[in-house]
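Have the viewer open as you read.

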Protein chains: 2
Amino acid sequence: MKLAIYGYGNLGRGVECAAHHAADVELVGVFTRRAPETLKTLTGVPVYSVNDILDFKDKIDVLVICGGSATDLPEMTPALAEHFNVLDSFDTHAAIPTHFAKVDKAAAASGHIALISAGWDPGMFSLNRLYASAILPDGQDYTFWGRGVSQGHSDAIRRIDGVLDARQYTVPIPEAMAAVRAGENPTLTTGEKHKRECYVVAKEGADLCRIENEIKTMPNYFADYDTTVNFISMEELMRDHRGIPHGGNVIRTGVTGMNGEHKHVIEYSLKLDSNPEFTASVLVAFARAINKMHSRGDAGCKTVFDVAPADLSPLSPEELRAHML
Amino acid sequence: MKLAIYGYGNLGRGVECAAHHAADVELVGVFTRRAPETLKTLTGVPVYSVNDILDFKDKIDVLVICGGSATDLPEMTPALAEHFNVLDSFDTHAAIPTHFAKVDKAAAASGHIALISAGWDPGMFSLNRLYASAILPDGQDYTFWGRGVSQGHSDAIRRIDGVLDARQYTVPIPEAMAAVRAGENPTLTTGEKHKRECYVVAKEGADLCRIENEIKTMPNYFADYDTTVNFISMEELMRDHRGIPHGGNVIRTGVTGMNGEHKHVIEYSLKLDSNPEFTASVLVAFARAINKMHSRGDAGCKTVFDVAPADLSPLSPEELRAHML
């Protein structure tokens, strides 16, 4: 399978690593909006300008679009689906139906496949919500995120006057998880499921009280949460908070039997050292799947819900049945 | 969807309950090898003899075969796939390729769909092994079973002279699970992952030492395990060990990055009050899927690996994308 990467940030580098280690993947190149000569790839794979992408129409089986959900992907994915099989990790949950419609129109018209919103949430967590709810219709599901770095919340802190740098961890509340696992079906807001831990490097002489107060009262981001603010030095931040870990849990509890007399708990959990590299690994598996689907004549916009699991694996159906079933 | 049940033991009753609670399922009837008039169903659904099954050729969308894997399913599933869309929970892992080939021949020739080996292992555990290995190819997976009742091991104890009744629990060893979750990639035999707890009711005056010794030295079943034998009264057995709980964990640890520098843990776990009712709930969800697949013209033998998750849900693709992705 010939893969190419469109956009070279943390996610793009993750796709490069995953493709490099996959025996059935050949990485054609990285496409960037920057000047190609300014960019050095991890594996030495060639770098091209996005302006030259159409020269590669017949040289790429699947193009992995590694842009941001806010402004990049809503434009990029439909435009590129006119010429390539593409996939993205569009993660603005509320805007998925609109994004799907635009991408589907472009992909269906050109006979390509476009898979949107792959990754872990949306992605593997979505799959687990779907499987669990189909099996236990009489039940309820809960998604917990963390412990992990939220880029959006870290950025929000950095915009406060007097802040040099910051890292925000979303942390699931153990008591809330325990109540869910016990089948108590609690009603929980996001703030009742999670607390927020902030590690902040302040400018010398900055008013720490004011900064802490501005964080804790920030609407949407922190005001509704149990928020802890820790001021640390730049050295500590660099030493202890360099990684981009994340993860979380999808839990569904439900009942079966004539009168709902038997309880069941289905739980899926991820503990990730690197959020972008794991997301990238999911993208490469789904790239393999849409390449197979396209070679069977399928086209249009897809999500992880539309992909038969066997298509994700480099193993043959016979090998899968013999060794994994 | 018109469903029927073929075989009415614990699993068949579980399918009856799950079908009864599913808004999109109509249960046509239960087919039994016993005299139909001797059998009373939980929901009052009619009971027919298996000899009359062909009278229902156009009245059933999917037939759920609830027989045993040892002798029933290898005969029943291929024979019934000639006339119906069918699914079974065939769970003899080593014999799956042979079973698949026989069923595929019958189903493909008649234009029906037959899905084999649905349930949780094989079934949901298999799916999680496949997804996790496709995402983290540089890794290793581990399956732990329990804490739960093993019917086969309980039966083996009951065959010992002097034993009135018995219940055997398979119990995962916490230290082994901890080593796996820590990414230590230990090499573990089934006996190093699990211990066996036995609750035994002995005949009055029976030689308890001999019984305990016969259990602990029984080849394959107990000899390679840390086995505990507890003698209890029939009252205690009936009071404390009536249920059929089970569950387990599928854990894959793997690495990403240029040099495998980032670790990840993917874990799927089940805690089930009723093993047969949960298995039945999985069967009903996959029955829905193969009914949709058949209506799109698909035929032949399938496994859970071949089913796009969206087909399991009664919700429309639009609803799934809007609410579960």
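Which helix of chain B does B:Met238 lie in? That would be helix H9, covering residues 234–240 of chain B. Bear in mind throughout that this is a predicted model.

With a relative accessibility of 40%, B:Met238 counts as partly exposed.

Over in chain A, have a look at A:Leu164, which sits in strand S9 (residues 163–172). A:Leu164 is partly exposed too, its relative accessible area being 46%. Setting aside residues up to four places away in sequence, A:Leu164 touches A:Val201, A:Ala202, A:Lys203 and A:Met234. A:Ser233 is 69 residues from A:Leu164 in sequence, but the C-alpha to C-alpha distance is 9.9 Å.

## How the two chains pair up

Chain A can be laid on chain B by a rotation of 180 degrees with 0.0 Å of shift along the axis, and the RMSD is 0.0 Å. The two copies are thus related as by a two-fold rotation axis.

What about the surface they use? Of the interface residues of chain A, 100% are also interface residues in chain B, so the copies meet through the same surface.

## Inside the cores

In soluble globular proteins, nonpolar side chains tend to be buried together. Here the largest nonpolar core has 162 residues. The residues with the most contacts inside that core are A:Leu3, A:Leu87 and A:Phe286, along with B:Leu3, B:Leu87 and B:Phe286.

Take B:Leu3 and ignore its neighbours within four places in sequence: its contacts include B:Val15, B:Ala19, B:Val25, B:Leu27, B:Val62, B:Val64, B:Val284 and B:Ala287. B:Glu26 is also among the residues in contact with B:Leu3.

## A helix tucked away

How many of the 9 residues of helix H2 (residues 72–80) of chain A are buried? The count is 7, so the helix is largely enclosed by the rest of the structure. The buried ones are A:Asp72, A:Leu73, A:Pro74, A:Met76, A:Thr77, A:Pro78 and A:Leu80.

As for what covers these buried residues, the list includes strand S1 (2–6), strand S4 (62–65), strand S5 (86–87) and helix H3 (96–110), which belong to chain A.

Most residues other than glycine have a negative phi, and most peptide bonds are trans. With that in mind, here are some spots to check. A:Asp121 and A:Pro122 are joined by a cis peptide bond, with omega about 5 degrees; A:Pro122 is in the loop between strand S6 (113–115) and helix H4 (124–135) of chain A. In chain B, a cis bond links B:Gly146 to B:Arg147, with omega about 0 degrees. B:Arg147 belongs to the loop between strand S7 (139–145) and strand S8 (148–149) of chain B.

Then there are the positive phi values. A:Asn220, not a glycine, has a phi of about 65 degrees, and its place is the loop between helix H8 (208–216) and strand S11 (226–231) of chain A. A:Asn220 counts as exposed, at 66% relative accessibility. For B:Asn185, phi is near 50 degrees. B:Asn185 lies in the loop between helix H6 (174–181) and helix H7 (190–193) of chain B and counts as partly exposed at 36% relative accessibility.

Definitions and conventions: Residues numbered from 1 in each chain as written. Chains lettered and ligands numbered in written order. Predicted model: local features only at pLDDT ≥ 70, side-chain atom pairs only at ≥ 80, totals over all residues. Heavy atoms only, no water. Least-squares fit on C-alpha atoms with pLDDT ≥ 70 in both. Contact = heavy atoms within 4.5 Å. Helix = DSSP H or I, 4+ residues; strand = E, 2+ residues; numbered from the N terminus. Buried < 20%, exposed > 50% of the residue type's maximum accessible area, 1.4 Å probe, protein only. Core = buried A, V, L, I, M, F, W, Y, C linked by side-chain atoms within 4.5 Å.
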